[in-house]
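Colleague: I am new to this structure and would like to know what stands behind the labels used for it. Could we go through them one by one?

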Amino acid sequence: MDLNQLNFNHLYYFWRVAKLGHLTRAAERLHTSQSAVSAQIRQLEEKIGDDLFVRAGRRLTLTDTGQLVLAYADNIFGLGEELLGRLHGRSAGITRLRVGSVATLSRNYQENWIRPLLTNPAVVLTLESGLMEGLLTRLIQHQLDVVLANETVPADPDRPLHCQFLGSQAISLVGPASVWASKTLRIPEDLDDVDIVLPGPRHALRGQFDALCATAGVSPRLRAEVDDMAMLRLIARDSGWLTVLPEVVVQDELRTGSLVVVGQSTALQEHFYAITAPRRHRIEVLEQLLAGKRDVHNEVSRKTSRR
């Protein structure tokens, strides 16, 4: 079979019939005769070399091959409708938003940022994580629509990118409530020889923290360094050690009281950015997020400060 010879008109007729499960109804929707629709499907079956439907009276049931072909047809024609909608600037229909985030960014922060879209039936989300450079390459190639990061990108006239500041959050020292409830420590003065877990060397915070300790002549006892924020959350929750991190990483544990804030430093800040590339066609839901969700990062801090 030569796929270059696949007739997409045949595939479209099959797609409409498969969705409706009825030849006559599909013919009515397509404004053509039932025999014309049947002929199109027969030609597609001949090209594929297998039956697509099992006919039971007036009903049509997909074969295993038909199910496979339908899955591809859904993607092909669904993306086609999305493409036309984006090119014409329509807000109706399905919008696919592709969000990348650096591996060191909190997944809680990412979820908070996209939360307004989670109940929107017209939006399909694609979420990826990785190293900054790889994500920026995909962004420039229009394989991603936005990259969430905790560091800026350097200006480069050969690679025009827009870096929008979303906000920042002070870094906290957290520990298990069973040990540290009602206790406080100063950062970094009280951390000498204290068992501690830190973000990994690639994290934007790590250099800040190490410099702060070096200036104060303080040497915590490093027990673990963790790049992945989801793993850092688990270690903070289960290890019993003190952990330096943005509160958004452990927002659920702070809310339930299994972890408590032992100290906080305004000298340590994690900053959040949304990086986008110039494009001709608007993505309305992305513009709404960028315009309206700049204070999400403060949500945990406000709740903690009220306790």
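Modeller: Let us begin with a pair of charges: Asp193 and Arg221 join their side chains in a salt bridge, 2.9 Å from N to O. Asp193 sits in the loop between helix H7 (177-180) and strand S7 (195-199) and Arg221 in strand S8 (residues 221-226), so the pair ties together parts that are 28 residues apart in sequence. This is a predicted model, in which local features need pLDDT of at least 70 and side-chain atom pairs count only at pLDDT 80 or more, while totals for chains, interfaces and linings use all residues. Residues are numbered from 1 along each chain as its sequence is written, and side-chain values use heavy atoms, with hydrogens and water left out.

Colleague: What makes the contact between Asp193 and Arg221 a salt bridge?

Modeller: The term asks for a side-chain nitrogen of Lys or Arg within 4 Å of a carboxyl oxygen of Asp or Glu. Here the N to O distance is 2.9 Å, so the pair of Asp193 and Arg221 qualifies. The structure holds 15 salt bridges.

Colleague: Why is Arg221 called partly exposed?

Modeller: Buried means under 20% relative accessible area, exposed over 50%, and partly exposed in between (1.4 Å probe, protein chains only). Arg221 has 36%, so it is partly exposed. Asp193, at 47%, is partly exposed as well.

Colleague: Which other salt bridge does Arg221 form?

Modeller: Arg221 also pairs with Asp195, with the closest N and O atoms 2.6 Å apart. Asp195 lies in strand S7 and Arg221 in strand S8, so this pair ties together parts 26 residues apart in sequence. Helices (H or I, at least four residues) and strands (E, at least two) are DSSP runs, numbered from the N terminus.

Colleague: How do you know that Arg202 and Asp227 form a salt bridge?

Modeller: The closest N and O atoms of Arg202 and Asp227 are 2.7 Å apart, so the pair meets the cut-off. Arg202 is in the loop between S7 and helix H8 (204-216) and Asp227 in the loop between S8 and helix H9 (229-238), 25 residues apart.

Colleague: Where is Ser182, and why is Ser182 counted as exposed?

Modeller: Ser182 is in the loop between H7 and S7. Its relative accessibility is 83%, so Ser182 counts as exposed. Ser182 too is not a glycine, and has a positive phi of about 70 degrees.
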